Amino acid sequence: MKSVTVGELAHSLEARGWGDLSLRVTGAAEPAATGPVGPEGGVMALAMAPKYAETLKPGSMAILAEGMDPEAYGLKAAIFAPRPRLLMAGLTRSFDPGPDIPEGVHPTAVIDPTAQIGEGAAIAPFAVIGAGVRIGAQARIGAHVSIGRGTVLGEGAVLHAGARIAHGVRAGDRLILQQGASIGGDGFSFVTPEESGIEEIRRTLGTRADIKAQHWTRIHSLGGVEIGDDVEVGSNATIDRGTIRATRIGSGTKIDNLVMIGHNVVIGEDCLLCSQVGVAGSAKIGNRVVLAGKVGVNDNIEVGDDVIAGGAAKLFTRVPAGRVVLGNPAVKMETQLEIQKAIRRLPRFAQQLAKLQETVTRLLEKG
Amino acid sequence: MKSVTVGELAHSLEARGWGDLSLRVTGAAEPAATGPVGPEGGVMALAMAPKYAETLKPGSMAILAEGMDPEAYGLKAAIFAPRPRLLMAGLTRSFDPGPDIPEGVHPTAVIDPTAQIGEGAAIAPFAVIGAGVRIGAQARIGAHVSIGRGTVLGEGAVLHAGARIAHGVRAGDRLILQQGASIGGDGFSFVTPEESGIEEIRRTLGTRADIKAQHWTRIHSLGGVEIGDDVEVGSNATIDRGTIRATRIGSGTKIDNLVMIGHNVVIGEDCLLCSQVGVAGSAKIGNRVVLAGKVGVNDNIEVGDDVIAGGAAKLFTRVPAGRVVLGNPAVKMETQLEIQKAIRRLPRFAQQLAKLQETVTRLLEKG
Amino acid sequence: MKSVTVGELAHSLEARGWGDLSLRVTGAAEPAATGPVGPEGGVMALAMAPKYAETLKPGSMAILAEGMDPEAYGLKAAIFAPRPRLLMAGLTRSFDPGPDIPEGVHPTAVIDPTAQIGEGAAIAPFAVIGAGVRIGAQARIGAHVSIGRGTVLGEGAVLHAGARIAHGVRAGDRLILQQGASIGGDGFSFVTPEESGIEEIRRTLGTRADIKAQHWTRIHSLGGVEIGDDVEVGSNATIDRGTIRATRIGSGTKIDNLVMIGHNVVIGEDCLLCSQVGVAGSAKIGNRVVLAGKVGVNDNIEVGDDVIAGGAAKLFTRVPAGRVVLGNPAVKMETQLEIQKAIRRLPRFAQQLAKLQETVTRLLEKG
């Protein structure tokens with residue numbers, strides 16, 4: 001694995017080093033899993049708060065929060081983290097060996113002769129790359145990955161094992177797909193010859209005339225998927241292709257495992273969509289939106305820039321920019337917290353109301 | 001890609017054409033993405049409502065709603081859609097090139113010699129087809145698809161890359177599996193030597209005696225999965241096999257991405273199960289049922305014909321035929337809307353009740 | 001398929017046989033799907049409660065609950081089940097042919113020369129096994145499975161088609177991965193150079209200063225995944241690797257389809273996590289915890305031993321050991337049932353309160 005000196009690591013993290021900066025660092029771990037530095041170097045303990053520092057071993061090296069005293073812990077070297085989570089990003093990047101995709105193009109890969117593969121690409125066993133595909137330089141394509149005809153990927157793509165991209169998808173630079181992520185499946189879009197039950201419900205808000213047996217006819221998906229730069233998609237997440245125009249994911253947006261993005265959806269830049277989020281067809285999501293785990297977004301609605309939706313919130317209607325929402329149906333966070341408080345007191349309300357009714361009845365009888 | 005004349009397209013869509021019916025159509029797009037028709041034809045603009053027609057270019061061709069005036073937009077040709085979404089079905093089918101599965105059987109595919117593959121089948125690289133499998137004519141089997149021994153598929157199956165069917169599954173004609181869909185995994189069924197905590201809770205409705213440490217023993221799944229005609233299953237959705245009899249999906253039912261269908265579940269015909277729906281073991285769902293995104297159906301309950309469950313509804317108990325339900329726990333839609341209205345007013349109720357209590361207290365003191 | 005006598009089956013199930021114990025059993029089915037036993041034996045009917053026994057055929061053989069009378073149904077042989085579901089475990093194991101993974105190592109599998117494969121392993125077509133991988137004896141590795149470098153699996157692993165294990169994962173004996181399960185994807189962990197909107201919300205509980213555009217920087221996942229013995233993971237479920245230390249799954253824990261386990265999560269022994277459960281990063285779950293379908297567990301919280309969370313419950317805060325919880329946000333089951341009752345009566349409350357206000361107003365006017 002890679003190894004750097006404490007001084008080099010501090011420099012690359014734009015952080016301040018302390019002690020013997022020539023010691024070699026071979027990795028990072030929790031304090032309890034580290035020990036004194038040996039002649040070949042050692043593992044950096046992560047102790048960015050005093051509570052994590054209790055199990056630090058004398059003679060070891062650690063990353064500390066500003067204000068902590070390395071001498072008090074008997075350290076040989078330390079790096080001070082002004083913003084610990086940010087430092088974690090640089091630190092973990094330094095030591096990540098990355099997925100198991102050996103260099104070069106494996107002889108078992110089936111690559112269409114019209115595909116263009118950029119310089120320095122690594123392609124693992126049994127990858128299948130279709131006609132007219134273009135893949136930028138330094139791509140790493142894992143085992144059993146499939147890429148459909150005409151798809152275009154920028155530089156530095158990392159597609160983990162079993163990731164799938166259908167035909168006619170475009171992505172910018174540094175796309176990351178985790179294992180089993182599926183891009184460009186057909187949209188879920190069907191129509192009945194006459195008005196269907198759901199169409200009726202949406203029109204009448206709940207009233208139904210007599211129900212007719214009808215079959216669903218498929219609306220095919222001619223649009224593709226367009227993905228910006230620096231997008232990551234989690235394991236077994238799915239992004240469907242658009243009907244006529246492309247489904248769009250903006251640059252810098254990160255999508256977690258098992259998230260579903262429906263057809264025609266437009267998602268802005270620098271969003272975070274946590275695990276098991278579902279965004280239904282044709283919804284439009286702004287920039288820097290954060291959707292916590294299990295959030296659902298209704299089809300055809302708009303979610304403004306900088307919206308934050310708390311865990312399992314269900315967004316049925318338009319959400320204005322900057323709002324923090326929670327609940328099912330989602331409302332402003334403070335409203336939801338008030339509602340929850342009131343709901344917890346509901347059984348007591350019921351008793352109070354009943355008692356009050358009695359009292360008033362008695363008053364009336366007296367009166 | 002395919003190309004037809006406006007006249008041929010109108011004819012195939014059973015719709016009325018207008019203008020120069022000999023112009024060639026090569027695709028369909030939003031009005032803003034189209035332009036005047038050239039000598040080699042052009043792309044049909046989709047403008048099935050006046051609001052979409054604003055960006056129509058003079059000299060182009062478009063699909064319009066009945067009553068719109070093609071001359072007013074300066075069109076060269078038009079097709080009138082009596083029911084726009086239905087027309088979309090025919091139109092998109094005409095221009096869909098389909099998934100990237102080249103014709104013929106790829107030499108890398110591993111097909112057991114006892115498997116029977118119908119005429120005209122296309123089988124992509126690295127597909128694995130087990131012993132005794134039978135696949136109907138005109139099937140299209142994508143890259144990395146696996147089909148376990150003894151599974152039988154009807155005609156015209158389209159299995160996208162990485163779709164998985166285990167052993168002993170039967171499906172009718174025109175099955176579509178999107179990327180990564182998984183059919184026939186083992187059911188999630190375990191038992192403890194003595195009564196488990198969940199069994200106790202279900203029996204006592206919440207009270208627990210002392211808790212014992214117990215291990216889970218696996219109940220194996222001997223049943224398969226039986227699927228009717230014209231069924232579609234979305235990306236990374238999963239349908240488990242039955243314990244003793246098969247899990248069943250009726251003809252015409254469409255299942256979206258990341259949906260989970262548990263063991264022994266029976267689903268009727270022409271249902272729509274939207275993304276991230278979960279149907280727990282042994283639930284029974286009628287015909288033409290629509291479950292919106294993230295709906296959950298409890299194990300062992302029945303959902304009648306023509307039920308519609310709104311987004312994220314959680315069905316814990318039997319739902320009679322024809323009912324429209326919403327909420328967690330799901331109740332009639334109108335009841336749920338009333339409940340939501342009342343909940344939003346709850347904090348105000350609390351204040352009113354407190355004030356009323358004060359008033360009554362004062363009245364009592366006076367009295 | 002396997003075939004045993006009634007006597008042997010009864011013996012292996014530790015249950016009492018009745019009638020002609022020499023009859024051969026070739027499988028098990030629902031009573032309606034069975035018939036009289038022929039000379040070559042027949043299928044055992046499962047009729048562990050009187051209601052299931054109605055369709056039993058005379059001359060057939062069946063598994064009955066204690067106390068039922070085999071002569072009344074005209075059976076030739078029977079086995080009495082003291083605890084029917086437990087007996088189902090043994091019975092179904094006896095007749096399960098298992099997944100379609102032929103014996104031996106398929107010549108198309110790509111196995112790194114430094115990988116160690118235990119005795120008796122079956123490896124299906126196109127499996128990819130990385131450098132330094134160690135796999136115990138009797139493993140069955142399905143088609144298109146990928147296992148990243150340095151991963152270690154115990155004995156008797158069964159990895160169904162398309163299951164994926166990244167690098168640096170450790171699992172005990174008898175690991176089962178269903179189709180498309182993904183172990184060891186990178187954690188969903190990002191940081192902004194300055195405080196992000198979510199960090200601000202968590203600190204201020206909802207109030208936001210001015211919003212700044214910021215990009216997300218990736219925190220890489222250096223930890224692996226550590227899995228105990230007898231763990232099963234369902235189709236397309238995902239378990240992410242840890243940041244610095246491993247994500248951990250205790251022995252005997254069973255995980256259903258489409259479940260998501262985030263980075264750094266620790267799950268105890270003998271838990272059941274039903275379909276579509278999501279456990280966010282760094283949550284800690286005790287032993288024997290049961291999470292029903294669609295339950296969500298917030299990041300960084302603790303769920304004590306023996307907790308049971310009902311369908312779709314959302315756990316936002318710490319849950320003490322032994323508690324049964326329900327609802328969103330999850331509270332004690334009995335509290336939630338009271339709340340639901342009160343909520344259903346809410347619209348009536350509103351009316352009663354309004355009426356009471358009127359009455360009191362009139363009283364005041366009188367007074």
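Which residue forms a salt bridge with A:Asp299, and how far apart are the closest N and O atoms?

Analyst: In this predicted model, the partner of A:Asp299 is A:Arg202, and the closest N and O atoms of this salt bridge are 2.9 Å apart. A:Asp299 sits in the loop between strand E33 (296-297) and strand E34 (302-303) of chain A, while A:Arg202 belongs to helix H3 (residues 197-204) of chain A, so the pair ties together parts that are 97 residues apart in sequence. A search of the whole structure gives 30 salt bridges over all chains, and some of these cross from one chain to another, as the two interfaces of chain A show.

Turning to the interface of chain A with chain C, the contact draws on 68 residues of chain A and 82 residues of chain C. About 5900 Å² is buried between the two chains, with 66% of that area on carbon and sulfur atoms. On the side of chain A, the residues that lose the most area to chain C are A:Arg83, A:Arg85 and A:Gln179, which together account for 10% of what that side buries. A:Arg83 also takes part in a salt bridge with C:Glu199, where the closest N and O atoms are 2.8 Å apart; three salt bridges are found across this interface, along with 28 residue pairs in polar contact, both residues being at pLDDT 80 or more. Several elements of chain A each supply at least two residues to the side that touches chain C, among them strand E3 (24-29), helix H2 (84-95) and helix H4 (333-344), but H5(A) gives the most, with nine residues. By class, this side of chain A divides into 34 nonpolar, 19 polar and 15 charged residues.

The interface of chain A with chain B takes 82 residues from chain A and 68 residues from chain B, and these chains bury about 5900 Å² between them, 66% of it on carbon and sulfur atoms. Here the residues of chain A that lose the most area to chain B are A:Phe188, A:Trp216 and A:Ile244, together 12% of what that side buries. The count of salt bridges between chain A and chain B is three; A:Arg218 forms a salt bridge with B:Glu232, the closest N and O atoms lying 2.6 Å apart. The rule also finds 28 residue pairs in polar contact across this interface, both at pLDDT 80 or more. H5(A) gives the most to the side of chain A that touches chain B, with eight residues, and that side is made up of 40 nonpolar, 28 polar and 14 charged residues.

Of the 15 residues that line the largest cavity, A:Gly180, B:Gly162, B:Gly180, C:Gly180 and C:Asn236 lie nearest its centre, and the lining is classed as no nonpolar, 12 polar and three charged residues.

The second largest cavity, with about 80 Å³ of space, is lined by A:Leu346, A:Phe349, A:Leu353, B:Phe349, B:Ala350, B:Leu353, C:Phe349 and C:Leu353. Helix H5 (346-366) of chain A, helix H5 (346-366) of chain B and helix H5 (346-366) of chain C are the elements that give two or more residues to this lining. By class, the lining of the second largest cavity has eight nonpolar, no polar and no charged residues.

Note on methods:
Residues are numbered from 1 along each chain as its sequence is written. Chains are lettered from A and ligands numbered from 1 in the order in which they are written. This is a predicted model: local features need pLDDT of at least 70, side-chain atom pairs count only at pLDDT 80 or more; totals for chains, interfaces and linings use all residues. Side-chain values use heavy atoms; hydrogens and water are left out. On a 1 Å grid over the protein atoms alone, a cavity is a set of points where a 1.4 Å probe fits but cannot get out, and a pocket is an open set with protein on both sides within 12 Å along at least five of seven lines; lining residues have an atom within 4 Å of a point. Ala, Val, Leu, Ile, Met, Phe, Trp, Tyr, Cys and Pro count as nonpolar, Asp, Glu, Lys and Arg as charged, and the others, Gly among them, as polar. Grid points are joined across faces, edges and corners, and a volume is the space filled by probe spheres set on the points. Helices (H or I, at least four residues) and strands (E, at least two) are DSSP runs, numbered from the N terminus. Contact means heavy atoms within 4.5 Å. Buried area is the accessible area (1.4 Å probe) that two parts lose on being put together, summed over both. A salt bridge is a side-chain nitrogen of Lys or Arg within 4 Å of a carboxyl oxygen of Asp or Glu. A polar contact is a pair of N or O atoms within 3.5 Å; within protein, one must be able to donate a hydrogen and the other to accept it, and residues adjacent in sequence count only if both atoms are side-chain atoms.
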